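Let's walk through this model together, strand by strand. Have the sequence and the 3D view ready.

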Protein chains: 2
Amino acid sequence: MTLDPVLARVDENLDEALDRLLALLRIPSISTDPAYKGDCDKAADWLVADLQSIGFDASKRPTPGHPMVVAHYDGEGPHVLFYGHYDVQPVDPLNLWDNDPFDPQIEETPAGKVIRGRGSSDDKGQLMTFVEACRAWKAVHGTLPCKITMFFEGEEESGSPSLTPFMEENRDELTADIALICDTGLYDEKTPSIVTQLRGLLGEELTITGPDKDLHSGMYGGLAMNPARVLAKVIAALHDDTGRITIPDFYEGVPELSNELAAAWDDLRFDEKAFLGEVGLSIPAGEEGRRPLEMIWSRPTCEVNGMTSGYTGDGFKTVLPSKASAKISFRLVGTQDPHAIRENFRKMVEDMIPADCSVAWAEHGASPAGQMTTTHPAFDQARQALSDEWPNAAAYVGCGGSIPIAGYFKDILDMDAMLIGFGKDDDQIHSPNEKYDLSSFHKGIRSWVRILDGMTG
Amino acid sequence: MTLDPVLARVDENLDEALDRLLALLRIPSISTDPAYKGDCDKAADWLVADLQSIGFDASKRPTPGHPMVVAHYDGEGPHVLFYGHYDVQPVDPLNLWDNDPFDPQIEETPAGKVIRGRGSSDDKGQLMTFVEACRAWKAVHGTLPCKITMFFEGEEESGSPSLTPFMEENRDELTADIALICDTGLYDEKTPSIVTQLRGLLGEELTITGPDKDLHSGMYGGLAMNPARVLAKVIAALHDDTGRITIPDFYEGVPELSNELAAAWDDLRFDEKAFLGEVGLSIPAGEEGRRPLEMIWSRPTCEVNGMTSGYTGDGFKTVLPSKASAKISFRLVGTQDPHAIRENFRKMVEDMIPADCSVAWAEHGASPAGQMTTTHPAFDQARQALSDEWPNAAAYVGCGGSIPIAGYFKDILDMDAMLIGFGKDDDQIHSPNEKYDLSSFHKGIRSWVRILDGMTG
């Protein structure tokens, strides 16, 4: 029996595991904001030290941005690479947090205990489930069940600029038999999932300039073009009345759902009323005639992530603004080409701008959608192991988010990836009051112990 | 000869007058921001002391907001009330100022010396032209040529909430034979003007709520309605393709330009290429088929003054925002009813909001347009006095801005008002690097001396 004593060890040592996670959560490693560069470095150092303490040959590896953490354990059997990210999202608006986002707390809630704080679910809490599974295994058996490489990045929330160059430069060191990625969620609280399709992401920022300075809206209003009006026309034109995106050739490469997957997803009996009700909404906002699960898993989207123009403080200022800008992202599916879409989007916008206004662009990433091959035996082994731990059997699902790392593992290292995670829909990742259920953390650790056992038993 | 020695005194003492103006400009009396409440008070105190020093019975008068300054000089002859405002606009974006907005400087420019700093043109510099005219007159003649009341408010840039209650409570004290208002501009650098029509102003702020918290755009994008998309549709729908505003009944009460005024304005040979070129634009953005001068003087407008949603910091955040908000103002003409327009605007927006989203409203003022009666003899006297001081004869013009005080003088105190000011189109009022030409200040003081002489001679 290799499994049961390790599971018992996990249960007995949960408090210590939690203390370690809280220590990591206290480091404000916000990657997109240069003010937190030192804290990203500190989070990487913390992980190196922790991995060394359980026998890994761990090191912090410099990049032009935030460092990578790479750690090796040279065990017997298959070679598994585990990926996670130690950076977190910004925390604004800070006034909507009930507590300091970087002073994590264990809270009692009607649904059980939760770990509250930025990064608790995305992705520090998830990442530590695997680390704690290894720690428990090592404590019980004195060794790990296979050869393991840990690979943690610190730029996932800011477009991962250093990731592919680093993978290309360290191809041999990072190539394993299979990659495990822990940055996704449960299907529901009783049903674990393995994600087999992921949407891609194209990020664009545009700034429209009308007058070359802010003007008095009484003196110039009516005669001078207002860039906020131009931006609103652009954004309003991106969807038609049926919710379809209007960029030319946008839907090239968007596949119809297979009958098989359509049936499997219908079996999940997705409750869109509950899903939307959880966030105060009730009407699916995507393309007419599509299943709600398609809207979030297998249809492309266009969303405004941020928009600003003119005076946005308290009170009123009758300014006619010089500039209006927006951050817009597209979720991509199938074989949609992010670079072609970027080009068509920019051309469409440029054609809409009055001749005496101008538009400037900034890129924020471009990654295609991902479709996993599930023929590697690890998929069946993991599906069985997850089904043993949780009340319901594990499901193969889609994911609306974009985790380009899975595609990079395939393209650069020719390695299949399994996306397994324990987040919940109400974790409020990227939002104020982010949390991770204590049960996600605890059963997540136990799940990895079972998966490692299943893959090596 | 009462006039020439006073004009000579103005010329000789210009440096001292300038020092006083700079002292007033150093007080950051931003009325819309509660952080500057103490500074508004300080500016009022400064004015009280200055007016006392030239023989006025001056006092600071409390209101629920910022205080009024009222000062009386009990001379012989007609009773003139002079109005100005000592509060200023906010200064953001601060990084676009070449110098501290509240450390005013005299700068040499190719067009001559300018006084650079917030409030230099709007309205402290203008207000002080009249005060300095009185000071010079008093210094030369030992008395002032008529009975004068000064009336300065500190809330003009924040909707003047205390103004009409104060006027109603102090009706007898404030009623004079005619009001003089110094908050407008020259027609051009050679041509002084008296404004005889002013646009009204309706200010509205709307906040659209979609989801009840910020969401991850990958997890919810496609299924959850994005309030920034809703707001963009609302703003885009406010103008049709010909530049007309689409709110139902919006144009009720908008008069056609009389043949007489159309001819007079055509005589002004307004150079819209130069006017727009000054701010980096070239295409008139108002209603098709309208004269550019109509667009800014006699047609109503709808402008976005500010707009915000989601993440607007550096970098990128794939958030699906909970809220999107905009500050929108309408300039009104003729007999357009601001309250009816507010109602129709809100109804139109509410009809566009998806059933699971909501909209909240804030009011920021509602004042109708103003049309001056020019039969009072002071109009002809002032027009002659201005024509004597400047290279070209004075013109009766329209003004795109909204100076509701003129209407209040008529409605509450049954008093005609003359709007005479010396600002220039390139003064950048409400914008970074606001300035007032030294020639505006100097010839402005001389103009008031001539007007006082003309009205009492």
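**A sheet across two chains**

Start in chain B, where β9(B) and strand β13 (residues 323-332) run antiparallel and are joined by 10 bridges. Strands here are DSSP runs (E, at least two residues; helices are H or I, at least four), numbered from the N terminus, and two strands pair if DSSP finds at least two bridges between them. This is a predicted model, in which local features need pLDDT of at least 70 and side-chain atom pairs count only at pLDDT 80 or more, while totals for chains, interfaces and linings use all residues. Residues are numbered from 1 along each chain as its sequence is written, chains are lettered from A and ligands numbered from 1 in the order in which they are written, and side-chain values use heavy atoms, leaving out hydrogens and water.

Now look at B:Thr207, which stands opposite B:Ser325 in β13(B). B:Thr207 also has B:Ala360 as its bridge partner in β14(B), and β9(B) pairs with β14(B) in the antiparallel sense over 8 bridges. Strand β9 (residues 200-209) of chain B is largely enclosed by the rest of the structure, because 9 of its 10 residues are buried (under 20% relative accessible area, with exposed over 50% and partly exposed in between; 1.4 Å probe, protein chains only).

Next, step back to the whole sheet. This open sheet has 8 strands with antiparallel pairing, in the order β14(A)-β9(A)-β13(A)-β11(A)-β11(B)-β13(B)-β9(B)-β14(B). Its edge strands, each pairing on one side only, are β14 (358-367) of chain A and β14 (358-367) of chain B.

Finally, in chain A, strands β11 (residues 301-310) and β13 (residues 323-332) pair in the antiparallel sense over 8 bridges. There, A:Ser309 has A:Ala324 of β13(A) as its bridge partner.
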